[in-house]
Amino acid sequence: MKKISLLLVSALLFPTVLPADTVVEEIIARVNNEIITRTEFAHSRDQLKQEAQQQSPTDADKIIAEIPTGVSPHYVNFFRGTSAGMVVVQGPGELLLFDPATNKPLRSIGVGKQPNWATVSGDGKTAYLTNEGSNDVTVVELATGKTATIAVGNAPRRIVVQPGVSSGAKVSIINFAFEPPATTIAAGDSVIWSNNDGAPHAVAFKDGSAGANSLSPGETFSRGFEKPGSYEYFCAFHPYMTGRIVRAD
Ligand SMILES: [Cu+2]
């Protein structure tokens with residue numbers, strides 16, 4: 001993940017016409033796939049230009065593409081699990097989806113007033129936008145553009161989605177055993193192991209995938225499972241302690 005530099009190009013190009021209160025912000029691009037590892041996105045609240053800009057990864061002053069948006073694009077990102085880039089456009093109150101391969105707009109979805117920030121669900125299917133002007137959160141089904149609204153307090157700005165842990169996806173380590181020894185989960189579920197014992201334990205997967213080398217009493221470890229299957233694990237310190245996670249979908 002690279003921190004990108006402030007986008008000052010607009011200010012340099014239009015030194016005399018920018019309003020005094022123009023805000024140039026920086027964002028940190030989320031590096032999740034090939035397209036984004038080769039490029040970085042920057043944006044500006046420059047109300048004159050009305051576009052999201054894509055910067056060169058090697059030269060912060062070189063703009064690769066400009067994506068037309070409505071007035072006052074505020075936030076841009078390309079989230080894990082999604083096929084389209086997203087721009088939150090404050091003026092018209094829209095979520096603009098664009099194709100990150102071609103930098104062409106795909107569709108605009110009306111949201112609330114003065115949208116500020118966006119995030120997506122862990123499966124990449126749902127976007128959530130805060131609407132600072134209408135005091136609500138818009139939930140967008142990205143495949144269809146269908147929206148729903150959740151009323152919240154005054155002027156919401158930032159929003160994050162915390163990975164959820166479904167019921168039944170908890171494993172307690174207690175009395176030198178994994179309890180329950182077998183757990184069935186669905187797509188998108190994480191499993192959290194909690195060491196509720198008096199000794200350190202570990203979570204080691206037979207397939208060599210991510211585990212916990214050592215969990216002290218009171219510590220937790222969680223992970224998800226990208227593919228359906230049966231995942232056998234054991235405690236590296238006490239190999240007779242075994243367990244299994246089954247992703248059944
Ligand atoms: Cu152990």
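Predicted model: local features only at pLDDT ≥ 70, side-chain atom pairs only at ≥ 80, totals over all residues.
Me: How many bridges join β5 to β6?
Reply: Residues are numbered from 1 along each chain as its sequence is written. Strands are DSSP runs of E of at least two residues, numbered from the N terminus, and two of them pair if DSSP finds at least two bridges between them. β5 and β6 run antiparallel, and the number of bridges joining them is 5.

Me: Which residue in the turn between β5 and β6 has a positive phi?
Reply: In β6, E94 is the bridge partner of V89. β5 and β6 form a hairpin with 4 residues between them. A positive phi of about 70° is found in the turn at G93.

Me: Which residue of β5 is the bridge partner of V76?
Reply: β4 and β5 pair in the antiparallel sense over 4 bridges. The partner of V76 in β5 is V87.

Me: How many of the 5 residues of β5 are buried?
Reply: A residue is buried if 20 or more other C-beta atoms, placed from the backbone, lie within 10 Å of its own. One side of β5 has G85, V87 and V89, the other has M86 and V88, and both faces are covered. β5 is largely enclosed by the rest of the structure, because the number of its residues that are buried is 5.

Me: How many residues has the largest nonpolar core?
Reply: A nonpolar core is a set of buried Ala, Val, Leu, Ile, Met, Phe, Trp, Tyr and Cys residues joined through C-beta atoms within 7 Å. M86, V87 and V88 are among the residues with the most contacts inside the largest one. β4, β5, β6, β9 and β10 each give two or more residues to this core.

Me: Which strands stand at the edges of the open sheet of 4 strands?
Reply: The order in this antiparallel sheet is β8-β9-β10-β11. Each edge strand has a single partner, so one side of it is left without a neighbour in the sheet. These edge strands are β8 and β11.

Terms used
Buried ≥ 20, exposed ≤ 12 C-beta atoms within 10 Å, placed from the backbone.
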